[in-house]
Amino acid sequence: MKRRDFLRAGSLAAGSLGLAGCSRTPPSGLPPGQLLGPSQALGHRLRDGTGFPAASETRKVEALIIGGGMAGLSCGWWLKRQGHASFAVLELENEAGGNARSGSNPISAYPWGAHYLPLPGPEAPELRLMLAEFGALKGDPHALRPEYEERYLCFAPQERLHIHGAWQEGLLPQFGIAQVERHQQQRFIEQIASLKATLDGRGRPAFATPSARGGSPTAALAGISMADWLQQQGYDAPSLHWWVNYGCRDDYGTDYRQTSAWAGLHYHAGRHGQASNADSDDVLTWPEGNSWLTRRMAQGLGDALQPNAMAWQIEQTAQGCSVLVYLAQENRSVRYLADKLVWAAPTGFLAHVMPSLPPPWQTAMAQLSYAPWLVANLSLRAPPAERGQQPLCWDNVLYGAAGLGYVVANHQSLQLHDQGCVLSYYRPLTEATPAAGRKLLQTAPHAYWARSILAELGRVHPDLPGLTEQLDVWRWGHAMLRPTPSLFSSDVLPRLRQPQGRIMLAHSDLSGFSLAEEAHYWGVRAARWLLEHKDEFA
Amino acid sequence: MPYALLFSVFVVAACGLAYELVAAALSSYLVGDSVTQFSTVIGVYLSAMGVGSWLSRYFQRDLIGSFIRIELAVGLLGGFSAAALFFAFTWLSGPFLLLLYLLVFVIGMLVGLEIPLVMRLLEHRLQFKDLVSRVLSIDYLGALAVSLLFPLWLAPKLGMVRTALLFGLLNVLVALWTTWLFRHELVSRRVLWLQGGSALVLIVAGFAAADRLSSIAETALYEDRIVLAESTPYQRIVLTRWRDDVRLFLNNNLQFSARDEYRYHEALIHPGLASLPWAKRVLVLGGGDGLAIREILRYPQVESVTLVELDPAMPALFKQHPALRELNGDALNSPRVRIINTDAFRWLESQANAYDFIVVDFPDPTNFAVGKLYTNTFYRMAERALGARGRMVVQSTSPLYARQSYWTVVQTIESVGLQTRPYHALVPSFGEWGFILAGREPYTPPQRLPTGLRFINADTVPGLFNFPPDMARTPAEVNRLNNQLLVRTFEQEWKQVQR
């Protein structure tokens with residue numbers, strides 16, 4: 001299955017230094033590269049209470065949005081679209097985009113996180129409108145099967161899996177898989193198809209994307225893990241278990257033994273997008289990944305977007321919200337006075353900057369758990385040699401590997417010959433607890449990751465280590481909210497969705513899983529809330 | 001004595017497996033589909049060994065002499081097996097598989113005879129349980145040795161032809177050694193010495209000629225003398241000449257033969273360009289050989305020809321090489337021609353000019369990279385570069401050998417809103433070949449054509465547009481970047497032609 005988007009997170013502890021990396025001289029035999037990731041300086045400063053300068057200026061806005069990832073940008077995009085001008089979007093890093101950020105080199109642009117968007121269904125009209133605005137969707141955005149710009153639809157060949165020593169087409173294990181297991185796979189796919197067609201009590205799809213426009217998690221599915229659900233339904237085929245687990249690790253950065261069955265099934269049953277010129281499981285993708293979207297959104301905001309701005313204290317008063325913001329570039333703080341506030345940064349981090357957190361949120365936030373991720377981009381001077389019948393695809397997955405495989409960043413290139421290729425390698429650290437994974441991310445040196453990644457990929461491409469000229473690693477400490485059974489069987493998410501006074505949260509966290517469509521939905525919802533009864537606060 | 005025989009069991013087992021691996025590897029290398037090749041070769045080989053073992057019961061007298069002769073036969077057949085297969089493939093394309101399985105069967109049968117005969121030779125020298133345990137374990141050890149040596153050292157370092165000869169040599173040496181060991185027991189030892197000596201000479205001669213054998217076999221893939229071979233970052237360019245025929249190969253695919261290229265290039269250019277008497281600006285995408293441009297330059301009203309060709313080596317070659325300049329009428333050195341070495345797709349994307357006539361002459365869609373140049377997205381961009389009354393011609397594979405592919409291209413061009421007029425011509429070195437004219441206005445075949453053409457004239461042009469039933473239009477889907485249907489269809493259709 002596809003690697004779903006994971007969204008902006010892990011950046012409260014991030015500094016304004018952007019891609020603060022450290023170049024290393026590689027040990028012999030390893031390609032050079034950088035160990036990248038958010039700098040911890042500002043976060044520590046906040047935690048240690050060493051403080052920030054006092055505010056030297058007061059700025060008044062009707063609406064203040066904190067967080068320039070997919071949700072915050074969507075919120076700003078909708079406000080601007082509705083002709084609203086008095087707002088600001090604050091971004092901690094020096095570039096907006098959150099989990100959808102990207103890099104580039106002479107060969108190609110490449111993603112550092114979220115890198116594709118499944119075709120949005122009729123449940124996501126706002127997202128479709130935005131795609132139409134950006135030229136990715138042509139004609140009527142409300143059509144059942146809209147037409148998409150074909151340069152942005154993933155080119156064929158799309159997916160292959162390395163299993164039992166050979167590449168096969170598609171990711172569902174087929175090559176060398178026993179008939180019995182294939183029957184189970186078939187039964188699972190049929191069961192998914194019927195779940196996909198199921199409606200909830202109000203006539204909406206039981207599983208929809210955004211999930212808020214579908215049915216609520218049912219108790220039977222929410223409280224058990226995806227692994228247990230498979231067993232309960234009589235599925236024991238190892239290849240099916242691998243595939244379903246792959247989906248959970250891919251989309252949620254979480255092992256299927258810790259993923260709620262409701263979320264695990266949503267991955268397969270929650271997409272209803274179709275296109276007049278593509279299959280329904282096709283996706284939109286760009287060399288730079290979803291930053292193709294976030295850059296356009298950021299551009300549309302113009303001056304309303306303020307990068308290098310860190311909110312460090314939030315207070316809610318009868319008159320409005322008072323937010324102290326440190327502007328890293330100017331080394332000073334300003335006070336924003338806003339009628340309404342949208343917290344579009346990772347939900348759990350609000351607790352660090354808002355001493356008097358509304359009580360319904362306080363307990364809920366304590367229960368959120370985030371998954372650590374690692375993304376590497378490998379620049380090769382030529383694509384690895386292919387020996388089988390199945391050519392290099394967009395998404396190339398290794399059966400049973402620790403990583404999720406690699407995506408060819410320049411797959412969408414129209415050129416006949418590129419000057420090499422960039423492979424984006426994804427790995428959720430699901431082997432250990434999230435805290436242990438974060439510890440490893442903090443301590444392991446570049447050579448550790450380079451060795452591990454080259455060993456894993458070198459197993460199927462013996463020439464890959466020799467072809468790799470640069471290997472950069474990005475560490476996401478808090479990449480995605482983990483959709484655990486305890487999260488979905490509690491009232492944490494419903495409580496977080498309720499605004500408290502003048503503050504509303506907007507983040508894919510509110511869905512319980514980190515998808516671009518979810519973030520977009522919550523961003524637009526927050527914008528609508530900001531526009532409601534605007535006069536009351538004016 | 002028993003140990004000597006046991007050692008020969010080791011060698012014999014190693015040789016047996018080696019021939020099997022050589023045959024399987026060579027056939028999958030030449031025919032492709034390695035799973036099928038390995039599986040069928042091993043199957044035939046093992047069953048033939050079974051037949052050989054069964055036949056061993058008919059050997060009653062002179063066991064040693066029989067064993068030696070079998071060794072010599074295996075050595076010669078196996079030793080030359082790789083060379084024979086190579087030559088069979090290049091010169092007898094039809095019965096290659098038949099020859100392969102026949103050879104594998106005969107070698108397998110002879111190898112199958114060896115072990116039972118050795119066991120019977122040792123029958124009175126060892127106890128039965130020792131005999132079985134030693135012979136069989138050494139047999140399997142020999143197989144292990146080769147199975148490791150073959151992929152790690154033999155195949156990469158020696159190549160197939162010499163690997164087979166090496167094991168042939170070992171077989172012959174075993175035969176000679178056995179002759180010496182049993183020299184007192186053998187009746188016809190003179191004859192055997194003579195036979196063994198001749199076999200040794202043959203194999204050694206084969207070794208000496210191995211380099212020439214391989215290169216003869218490889219150049220035989222190109223029938224003619226290679227006059228130029230050049231590897232660029234984009235492709236391998238090979239030019240061959242035999243008498244008055246010059247042929248160009250790109251990545252081993254024939255691009256043209258000087259004998260009939262005029263048919264291809266006249267058919268590509270004139271039905272379209274002759275119908276546009278006002279055409280001044282012409283764009284050629286692909287086709288760095290200048291042969292299409294030679295035809296375009298026959299029109300005095302054409303003011304400029306823009307050639308977009310990815311590989312700078314191609315136009316450079318066709319600008320300089322005397323024989324090639326003669327062939328393309330020195331077209332690439334014409335002041336009317338401008339050459340741009342860049343990627344056609346990317347260039348079109350950033351192109352604002354309008355052209356009266358666009359020639360799209362790309363290689364066939366044999367892989368996903370080239371396949372992008374046959375998608376609706378590409379034709380949409382080409383359409384944007386087309387003047388209001390302009391026309392485009394697309395080389396589009398064979399409507400006879402790749403019928404579905406051809407009509408897929410037609411369907412794809414129509415999907416971007418252009419009217420098409422498909423046509424075809426016979427080019428002997430390619431076969432029946434297809435082209436597609438596309439434009440916004442209906443097409444009328446030209447009444448007048450340039451003088452000096454050898455294939456096209458005003459009378460024959462209308463006939464090009466008739467498609468007999470075996471090439472007639474079939475329903476097809478649009479080829480898109482996100483499905484690349486054409487590459488899959490083309491591969492399937494072409495595979496059937498080659499069978």
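Good morning. Of the 499 residues of chain B, 44% count as buried, meaning that 20 or more other C-beta atoms, placed from the backbone, lie within 10 Å of the residue's own. Please note that this is a predicted model, in which local features need pLDDT of at least 70, side-chain atom pairs count only at pLDDT 80 or more, and totals for chains, interfaces and linings use all residues. Residues are numbered from 1 along each chain as its sequence is written, while chains are lettered from A and ligands numbered from 1 in the order in which they are written.

I turn to confidence. The mean pLDDT of chain B, the predictor's confidence in each residue from 0 to 100, is 88, and 94% of the residues reach 70 or more. For the complex, the predictor gives an ipTM of 0.81 and a pTM of 0.76.

Next, the fold. Chain B has 18 helices and 11 strands, counted as DSSP runs: H or I of at least four residues for helices, E of at least two for strands. Its radius of gyration, taken over C-alpha atoms, is 31 Å, well over the 23 Å from the globule rule (2.2 Å times the number of residues to the power 0.38), so chain B is more spread out than a compact globule. The C-alpha trace spans about 95 × 45 × 40 Å along its principal axes.

Finally, an unreviewed UniProt entry places transmembrane regions in chain B, including residues 37–55 and 191–210; such annotations may be inferred rather than shown by experiment. Residues 37–55 of chain B are 100% helix, with end C-alpha atoms 27 Å apart. For residues 191–210 of chain B, the figures are 95% helix and 28 Å. Thank you.

How values were computed: Buried ≥ 20, exposed ≤ 12 C-beta atoms within 10 Å, placed from the backbone.
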